[in-house]
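Subject: Structure handover

Hello,

I am passing this structure on to you, and my notes on it follow below. Please read them with the structure open.

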Amino acid sequence: MLIGHGPISHRGTPPEKQASEHLRFIREVMERSASFTAVPGWGMFVVGITSLPAVWIATMQTSPEGWLTVWLVEATIALTIAILTLRRKARKCGVSLSSGPGRKYILTLAPSMVAGLLLTVALWRAGNLDVLPTLWLLFYGAGTITGGASSVRTIPVLGICFMVLGVVSLFVPGIWTDILFVLGFGGLHIGFGLYIARRYGG
């Protein structure tokens with residue numbers, strides 16, 4: 001029970017009013033939790049924006065290693081933005097990242113991201129970077145789908161879109177890689193980010 005432990009003082013308050021205050025407090029907590037999608041829409045939007053110059057810079061590289069370096073730097077920037085905006089949104093909604101949707105999203109997304117990173121290292125050591133675009137699109141999409149199971153339905157749809165782009169990358173020439181990255185890491189992040197920010201409060 002919340003009596004004596006919540007933020008509501010009950011001294012001199014009639015029992016009926018106490019019950020009403022408890023219900024109001026519970027309702028507010030539930031509303032804050034419901035509004036927390038575990039995905040920061042504005043953060044996703046900014047990540048999409050930063051990926052656009054990354055695509056341009058990557059196309060200017062003269063070696064596969066240079067291309068990979070650009071995208072590893074972009075991934076680091078994107079991860080930093082995601083963490084900062086996720087924490088900001090959690091504070092705004094009054095939700096702890098150590099429990100609830102935020103924790104579930106991180107735990108379900110992380111395995112795919114770690115597996116993708118390890119395979120990236122393995123392919124780099126083997127000198128085979130041609131399949132990296134497909135791998136990144138598919139792993140990011142799969143991780144977003146599983147992570148989105150603890151969030152709103154919009155997130156798994158985003159993951160499906162990334163996986164579709166990954167499948168497409170299997171059947172188009174390598175020159176299409178940059179276009180698919182613009183559509184995925186740029187366009188999808190910007191579009192879905194704006195939708196989440198406006199629909200679910202940031």
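**The loop between α4 and α5**

V131 has a relative accessible area of 39%, so this residue counts as partly exposed. As with everything else in this email, that value comes from a predicted model. V131 sits in the loop that joins α4 and α5. Along the chain V131 and L170 are 39 residues apart, and their C-alpha atoms are separated by 8.5 Å.

L129 is found in that loop too, between α4 (101-126) and α5. Is L129 buried or exposed? L129 has a relative accessible area of 10%, and buried means under 20%, so L129 is buried. What does L129 touch, apart from its neighbours within four places in sequence? The contacts of L129 are P64, E65, L68, L123 and W124. For one of these, P64, the separation from L129 is 65 residues in sequence, while the C-alpha to C-alpha distance is 7.0 Å.

**The chain as a whole**

The protein chain has seven helices and zero strands. Read from the N terminus, its elements run α-α-α-α-α-α-α. The chain has 202 residues, of which 39% count as buried. Taking the contacts between residues at least 6 apart in sequence, 69% join residues at least 24 apart.

Helix α2 covers residues 41-59 and helix α7 covers residues 177-200. The two pack at an angle of about 165 degrees, and their axes are 6 Å apart. Because of that angle, α2 is roughly antiparallel to α7. The crossing of α2 past α7 is left-handed.

On the α2 side, the residues that meet α7 are G41, W42, M44, F45, V47, G48, I49, S51, L52, V55 and T59. On the α7 side they are D178, F181, V182, F185, G186, H189, I190, F192, G193, L194, I196 and A197. By class, the residues of this contact of α2 with α7 are 15 nonpolar, seven polar and one charged.

Helix α5, residues 132-147, also packs with α7, here at an angle of about 25 degrees with the axes 11 Å apart. This makes α5 roughly parallel to α7. Here too the crossing is left-handed, with α5 passing α7. From α5 the contact takes in P133, W136, L137 and Y140, and from α7 it takes in T177, L180, F181, F185 and H189. The residues of the contact of α5 with α7 divide into seven nonpolar and two polar, with no charged residue.

**How α5 packs against α6**

α5 has a contact with helix α6 (residues 154-169) as well. Their packing angle is about 160 degrees and their axes are 7 Å apart. That angle makes α5 roughly antiparallel to α6. α5 passes α6 in a left-handed crossing.

The α5 residues that take part are T134, L137, L138, Y140, G141, A142, T144 and I145. They meet I155, P156, L158, G159, I160, F162, M163, L165, G166, V167 and S169 of α6. This contact of α5 with α6 counts 13 nonpolar and six polar residues, and no charged ones.

**Aromatic pairs**

How many aromatic pairs does a search of the whole structure find? The search gives 10. One of them is formed by W67 and W136, which are stacked, with 5.4 Å centre to centre and 5 degrees between the planes. This pair links distant parts of the chain, since W67 lies in helix α3 (residues 64-93) and W136 in helix α5, 69 residues apart. W67 and W136 are both buried.

A further pair, W71 with F181, is edge-to-face, at 4.9 Å centre to centre and 90 degrees between the planes. This pair likewise links distant parts of the chain: W71 is in helix α3 and F181 is in helix α7, 110 residues apart. W71 and F181 are both buried.

Which residues do ring pairs link into a cluster? The cluster holds W67, W71, W136, Y140, F162, F181 and F185. W136 and Y140 are among the α5 residues that touch α7, and F181 and F185 are among the α7 residues that touch α5. F162 is one of the α6 residues that meet α5.

Best regards

Terms used
Residues numbered from 1 in each chain as written. Predicted model: local features only at pLDDT ≥ 70, side-chain atom pairs only at ≥ 80, totals over all residues. Heavy atoms only, no water. Axes fitted to C-alpha atoms, helices over the stretch in contact; angles between N-to-C directions. Helix = DSSP H or I, 4+ residues; strand = E, 2+ residues; numbered from the N terminus. Parallel < 35°, antiparallel > 145°, perpendicular 65-115°, else oblique. Left-handed = near helix turned anticlockwise from the far one by under 90°. Contact = heavy atoms within 4.5 Å. Nonpolar A, V, L, I, M, F, W, Y, C, P; charged D, E, K, R; others polar. Phe/Tyr/Trp six-rings, centres within 6.5 Å; stacked < 30°, edge-to-face > 60°. Buried < 20%, exposed > 50% of the residue type's maximum accessible area, 1.4 Å probe, protein only.
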